[in-house]
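Keep the 3D view open and follow along from strands to helices to rings.

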Amino acid sequence: GPYKVETIKYTYTNENQIETFNDAGENRKVTVDFWFPKNADGNYPLAVFSHGAFGIGFSNASAYEELASNGYVVCSINHTYHAMATIETDGKIITADKGFMKEVMDCNTTINHEEVICNIFKKWMELRTTDINFVIDTILKNANIKESDRVYKLIDTEKIGLFGHSMGGSAVTIVGRERSGIDAVINLDAPLFGELLGFQNGTMLVRQNSYPLPLLNVYSDDLWGHMD
């Protein structure tokens with residue numbers, strides 16, 4: 001694209017959420033990386049990305065650079081303890097939680113019963129969607145503060161899109177369904193966990209109402225069996 005690209009990192013603290021991956025009793029911290037047009041004026045659409053299980057904030061950096069060079073502000077979320085490694089702004093490195101990693105491997109090898117898997121999916125999605133909504137809320141808040149850093153001033157808060165890969169793709173489809181103010185969603189290689197309502201009478205219950213906004217679903221594997 002026509003723009004050179006600049007990056008910046010922030011670590012946000014969610015004052016309304018206690019970190020459950022340790023017993024320190026501290027608020028959960030979420031680190032984000034921005035890619036945005038350098039030396040540009042005006043306002044640009046915001047694209048928020050959520051990585052896959054064991055991914056990192058830089059997983060899809062080529063996509064972020066492409067978008068930013070064409071006039072987007074991209075925010076990539078590092079989901080702490082779900083990411084293979086999160087580097088906070090103070091240099092602290094947090095690696096993926098071993099319990100979470102085992103859950104993913106067990107689900108991928110179908111060790112667990114479907115009802116157990118369904119409950120694990122819901123737990124993962126609750127963490128991811130809470131992070132995504134918290135990050136969007138923080139960005140919108142900063143965009144309305146006069147003294148905020150320049151990246152926030154570049155954002156057109158009326159144009160917000162979400163995209164994600166694998167577990168992150170599942171999470172952004174949920175936020176797109178449930179949150180107002182989202183214009184479009186791109187799901188890369190992810191089963192639609194958000195369409196699952198629960199497990200009853202030996203089967204998973206799936207939403208019947210239509211998805212409320214444009215959704216590009218790019219799925220390169222066989223269609224997930226539960227979505228028949």
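Two strands count as paired if DSSP finds at least two bridges between them. Helices (H or I, at least four residues) and strands (E, at least two) are themselves DSSP runs, numbered from the N terminus. The model is predicted, so local features need pLDDT of at least 70 and side-chain atom pairs count only at pLDDT 80 or more, while totals for chains, interfaces and linings use all residues. Residues are numbered from 1 along each chain as its sequence is written, and side-chain values use heavy atoms, with hydrogens and water left out.

**Strands side by side**

Let's begin with β7 (155–165). Seven bridges join β3 to β7, and the two run parallel. Strand β7 is also joined to strand β8 (residues 184–188), by five bridges and again in parallel. Leu162 lets you trace both pairings: Val48 has Leu162 as its bridge partner in β7, and Leu162 has Val185 as its bridge partner in β8.

**A helix against the strands**

Next, look at helix α1 (residues 61–69), whose buried residues are Ala61, Tyr64, Ala68 and Ser69. They cover an arc of only 125° around the axis, so they sit on the same side of α1. That arc is taken from the directions from the helix axis to the C-beta atoms. Buried here means under 20% relative accessible area, with exposed over 50% and partly exposed in between (1.4 Å probe, protein chains only). What do the buried residues of α1 pack against? They pack against β1, β2 (27–37), β3 (44–50), β4 (73–78) and β7, where contact means heavy atoms within 4.5 Å. Just after α1, Gly71 takes a positive phi of about 95°.

**Aromatic rings**

Rings of Phe, Tyr and Trp (its six-membered ring) pair if their centres lie within 6.5 Å; planes under 30 degrees apart count as stacked, over 60 as edge-to-face and the rest as tilted. A search of the whole structure finds 15 aromatic pairs. Two of them are set out here.

| Pair | Centre to centre | Angle between planes | Type |
|---|---|---|---|
| Trp35 and Tyr64 | 4.6 Å | 55° | tilted |
| Phe100 and Trp124 | 5.9 Å | 80° | edge-to-face |

Trp35 lies in strand β2 and Tyr64 in helix α1, so their pair ties together parts that are 29 residues apart in sequence. Trp35 is buried, with a relative accessible area of 3%, and Tyr64 is buried at 0%. Elsewhere, ring pairs link Tyr10, Tyr12, Phe34, Phe134 and Tyr152 into a cluster.

Is Asn14 buried or exposed? Asn14 is buried, with a relative accessible area of 7%, and its place is in strand β1 (residues 5–18). Its side chain reaches the backbone nitrogen of Asn16 at 3.0 Å. Leaving aside neighbours within four places in sequence, Asn14 is in contact with Asn27, Arg28, Thr130 and Phe134.

**Cysteines**

How many disulfides does a search of the whole structure find? It finds zero, a disulfide being a pair of cysteine sulfur atoms within 2.5 Å. Cys75 is buried, with a relative accessible area of 0%, and Cys107 counts as buried at 10%.

Note on methods:
A polar contact is a pair of N or O atoms within 3.5 Å; within protein, one must be able to donate a hydrogen and the other to accept it, and residues adjacent in sequence count only if both atoms are side-chain atoms.
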